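Trainee: I would like to learn how to read a structure of this kind, one feature at a time. Could we look at it together?

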Amino acid sequence: MAEEKKYLYGPVTSRRLGLSLGVDIVPFKVCTLDCIYCQLGGTTQKTTDRAEYVPPEAILAELRETIARGMKADFITIGGSGEPTLNSRLGELIDGIKKITDIPVALLTNGTLLYRQDVRADCAKADVVLPSLDAGGKRVFEEINCPHKDILIENLISGLCDFRNEFAGQIWLEVLLIEGLNTDTGQIAKIKKAIEQVRPDKVQLNTAVRPTTQAGIKKVDPEKLETIAAYLGEKCEVVADFSPGPCHKHIESKAEDVLSMLKRRPCSLNDICSGLGIQRDEVLKYVTRFQQQGVVHSSEKDGIIFFKAMS
Ligand code: SF4
């Protein structure tokens, strides 16, 4: 079995970033939001407090080793199990990555802390920043993103605008649409107005194609997404992945493989990915389903989440 990595995963192929080496810099699941479409499950620590959740030295040591082994990727992508800007040493981490490799750094963020100057300064060290904006007003923002009480949509939008004015790199803004929640013409017009204020380099439309924290979240069909993308302007593209997964029988046999592995011993996501040769997103889908069914539970040891099937 491959050596366990605590903070890095992949490289995995990603529709938005090509071959991407993931870097996880906050514990599962520390976030400023609790989005109803989150694939990771419910937020366990909803906070706006920045802290040294994971020390950069430990991440950089892993990265140095991985690069030395000849790893190739299009991007080193900071994101992972929660909101990465909550890590107070994000800027130092990006500086450290840039001393090790020329691979560009991408940062996945929900953008909610960009109203803070210290957060903007840290984010500006990345090459590409991929923030999110799923609503143009308070009601829908609260309905979809369930923010911490101190997070306001006005601050999210003004933070994005301030960041745009200060940052010379690329901003690829993701808008996740949920049928019936933020897809009516009034909501789309509000989102368009916010996009015009923020002036990102790209707008990437997505929808809830994967299993979500909350049941009953409806995805938007591909034709409607294309119509909305055309309305939002030429910088907008659809990035939702509607490609059919493997056939049902294949899925079930992979799910069984995951479960039988978890019956033998507790495994981290990386154990399962490397042991069965399955991508992290797919493993997460199976593990989330098993947890919802109550057949798998998780526990944490030394900062790693382990999953184990109930006996
Ligand atoms: S911001 Fe990202 S990690 Fe946080 S709840 Fe939303 S989807 Fe999940």
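Trainee: In which strand is Val-203 found?

Mentor: Before I answer, please note that this is a predicted model, in which local features need pLDDT of at least 70 and side-chain atom pairs count only at pLDDT 80 or more, while totals for chains, interfaces and linings use all residues. Residues are numbered from 1 along each chain as its sequence is written. Helices (H or I, at least four residues) and strands (E, at least two) are DSSP runs, numbered from the N terminus, and Val-203 is found in strand S9.

Trainee: Is Val-203 buried or exposed?

Mentor: The general idea is to count neighbours: a residue is buried if 20 or more other C-beta atoms lie within 10 Å of its own, exposed if 12 or fewer, and partly exposed in between, with C-beta atoms placed from the backbone. Val-203 has 23 other C-beta atoms within 10 Å, and therefore counts as buried.

Trainee: With which residues is Val-203 in contact, leaving aside its neighbours within four places in sequence?

Mentor: Two residues are in contact if their C-beta atoms, placed from the backbone, lie within 7 Å. By that rule, Val-203 is in contact with Leu-173, Val-175, Ile-195, Leu-232, Lys-235 and Cys-236, once its neighbours within four places in sequence are left aside.

Trainee: What are the length and the reach of helix H6?

Mentor: The expected span of a helix is 1.5 Å times one less than its number of residues. Helix H6 covers residues 185-198, which makes 14 residues, and its reach from first C-alpha to last is 20 Å, close to the expected 20 Å.

Trainee: Which residues of H6 are buried, and why do they line one face of the helix?

Mentor: The buried residues of H6 are Ile-191, Ile-195 and Val-198. Seen down the axis of H6, these buried residues fall within an arc of 60° (the arc being that of the directions from the helix axis to the C-beta atoms), so they line one face of the helix. As a general rule, an α-helix has 3.6 residues a turn, so residues three or four places apart point the same way.

Trainee: What do the buried residues of H6 pack against, and which exposed residues does the face turned away from them carry?

Mentor: The buried residues pack against helix H5 (153-166), strand S8 (170-177), strand S9 (202-207) and helix H7 (222-232). On the face of H6 turned away from its buried side you will find the exposed residues Thr-185, Gly-186, Ala-189, Glu-196 and Gln-197.

Trainee: What follows H6?

Mentor: H6 is followed by Arg-199, which lies in the loop between H6 and S9. The phi of Arg-199 is near 55°, a positive value in a residue other than glycine. Arg-199 has 13 other C-beta atoms within 10 Å, so it counts as partly exposed.

Trainee: Where is Leu-156 found, and which residues does it touch?

Mentor: Leu-156 is found in helix H5, and it counts as buried because it has 27 C-beta neighbours inside 10 Å. Not counting residues up to four places away in sequence, Leu-156 touches Gly-111, Thr-112 and Leu-133.

Trainee: Which residues are around the ligand?

Mentor: A residue is near a molecule or strand if its C-beta atom, placed from the backbone, lies within 6 Å of it. Around the ligand are Cys-31, Leu-33, Asp-34, Cys-35, Cys-38, Leu-40, Thr-43, Gly-82, Glu-83 and Asn-110. To sort such a shell, Ala, Val, Leu, Ile, Met, Phe, Trp, Tyr, Cys and Pro count as nonpolar, Asp, Glu, Lys and Arg as charged, and the others, Gly among them, as polar. The shell around the ligand then divides into five nonpolar, three polar and two charged residues.

Trainee: Which domains does the domain assignment of the chain give?

Mentor: Domain bounds come from an automatic or database domain assignment, which here gives domain 1 (8-243) and domain 2 (245-311). Their centres, taken over C-alpha atoms, are separated by 25 Å, and nine residues of domain 1 are in contact with nine residues of domain 2. The side of domain 1 that touches domain 2 divides into five nonpolar residues, three polar and one charged.
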